[in-house]
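Work through the following exercises with the sequence and the model open side by side. Each task is followed by a solution that goes step by step.

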Amino acid sequence: MESSNKTFADANAMQTEADLPRLNIAFYCESKELYDVAGQSATDRRLKKSKVSIYSGGISGAVEAYRDKPTPDLLIIESNLTTLDLLADLENLSEVCDPDTKVIIAGKINDVDMYRELIRQGISEYLVMPTTPGRLIESLSQIYEGEEGVPMARSVAFIGAVGGAGTSIIAQNFAVAIAGDYQLETCFVDLDTAYGPSSMNWNIELKRTLKDLTSMGSDVDDDAVKAAITRVSDHLHLLGSPLSPSYSIPTSVDNDLVLESIFNATRRLHDLVVMDIPFGEFTPIKQNAILSATHIYIVSMPTIKGLRNISILYQALCEMRPNDPPPKIIFSQIGNLDIVSLNKRFIIENLGRDADHYVQYAPEVIDRAVAECLSLADVPDGDGIAGDIDAIVQKFFGRDVVREEQSGIQKFLSDLLKN
């Protein structure tokens with residue numbers, strides 16, 4: 001039964017994906033559809049450590065290829081044979097297949113009895129065609145989560161499309177709400193390496209930062225990351241930045257592996273990771289954070305510049321993460337009379353879609369929250385903007401948001417966006 005004060009670990013919030021090991025994967029395709037899926041999957045962020053090879057020939061092609069050489073870690077083979085014929089071909093495959101090799105069969109026959117028999121025979125998964133790279137990666141995550149892979153929590157990245165949009169405030173209060181209301185062990189990762197505001201906003205003194213971890217090189221591990229994380233409250237933790245405008249990490253394979261290790265460790269050590277990625281060019285540390293995230297929110301203002309930057313950033317992120325859900329869009333500072341705000345109709349016409357969330361302008365509430373190290377919900381008159389952020393949290397958990405009767409300011413903002 002759902003608790004009225006939300007102090008429970010929501011099952012949807014606890015979803016994980018496996019930290020897939022370095023795999024040697026071979027596809028044996030019979031159709032263009034699986035060729036395309038294989039090619040797209042090979043570039044997926046979760047398979048960047050793996051070697052993916054794509055061949056034709058189905059089961060017979062695989063049998064012929066491995067008569068005189070070891071089979072790879074994973075075979076993904078397409079076959080549209082009926083159950084009896086498929087089982088006969090799999091018998092031939094078993095004669096050349098190494099014991100540790102896992103096999104996934106892809107086919108167009110959607111039959112529960114055949115699926116059960118294949119699983120009983122030792123097949124790891126049966127994918128019904130047509131499939132997608134996302135479904136294939138999800139299957140790999142499920143296969144390896146209980147074996148070589150290590151379960152990792154979801155990771156949410158908030159990225160600013162313009163400076164001054166309030167990305168950090170939204171990200172921090174998103175993390176506070178989840179840690180406080182849902183009691184999920186939440187790690188906030190502040191990636192504003194020059195001026196990261198989280199330690200000041202929470203009045204936290206950092207003894208170690210991301211800079212200390214990256215300087216460890218290949219020696220960084222879960223224990224080192226855990227030691228660098230600072231406790232903020234009962235369920236909220238902080239991995240802070242060095243607050244050094246001159247700090248940067250050079251681009252190299254070794255440094256990419258170090259950053260990947262750090263971000264994966266935060267996900268193994270917590271129920272949820274929230275990352276604050278400031279506006280600006282994609283530095284190596286930002287790129288690695290983006291590739292480690294399972295969900296992305298773009299934060300901008302409803303201005304011409306904000307709309308333009310969202311379009312550029314949205315396209316770039318979709319190209320970097322082709323098999324992931326597209327980023328969510330948040331427009332902040334709704335009701336700020338000091339900026340020329342676009343109406344909702346113009347936004348939809350030029351962006352091709354509506355924003356997912358709107359967050360109202362409340363500078364006095366934000367200033368007091370920062371000055372007194374409070375959450376927005378704890379500031380007098382902060383219910384409006386705190387409610388907007390709570391709506392983001394609710395949607396993140398897949399829940400319908402039902403707002404109470406609008407206040408005067410909420411009605412004003414609603415009318416402004418309708419025009």
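**Exercise 1. Determine which backbone atom the side chain of Ser332 reaches, and describe the setting of Ser332.**

Step 1: the side chain of Ser332 reaches the backbone oxygen of Ala165 at 2.5 Å. This is a predicted model, in which local features need pLDDT of at least 70 and side-chain atom pairs count only at pLDDT 80 or more, while totals for chains, interfaces and linings use all residues. Residues are numbered from 1 along each chain as its sequence is written, and side-chain values use heavy atoms, with hydrogens and water left out.

Step 2: Ser332 belongs to strand β13, residues 328-334, and is buried at a relative accessible area of 2% (buried means under 20%, with a 1.4 Å probe and protein chains only).

Step 3: leaving aside neighbours within four places in sequence, the contacts of Ser332 include Ala165, Ile170, Val299 and Val359 (contact means heavy atoms within 4.5 Å).

**Exercise 2. Is Pro99 buried or exposed?**

Step 1: Pro99 sits in the loop between α3 and β5 (102-107).

Step 2: with a relative accessible area of 82%, Pro99 is exposed (exposed means over 50%).

Methods. Helix = DSSP H or I, 4+ residues; strand = E, 2+ residues; numbered from the N terminus. Polar contact = N/O pair within 3.5 Å; in protein donor to acceptor, adjacent residues only side chain to side chain.
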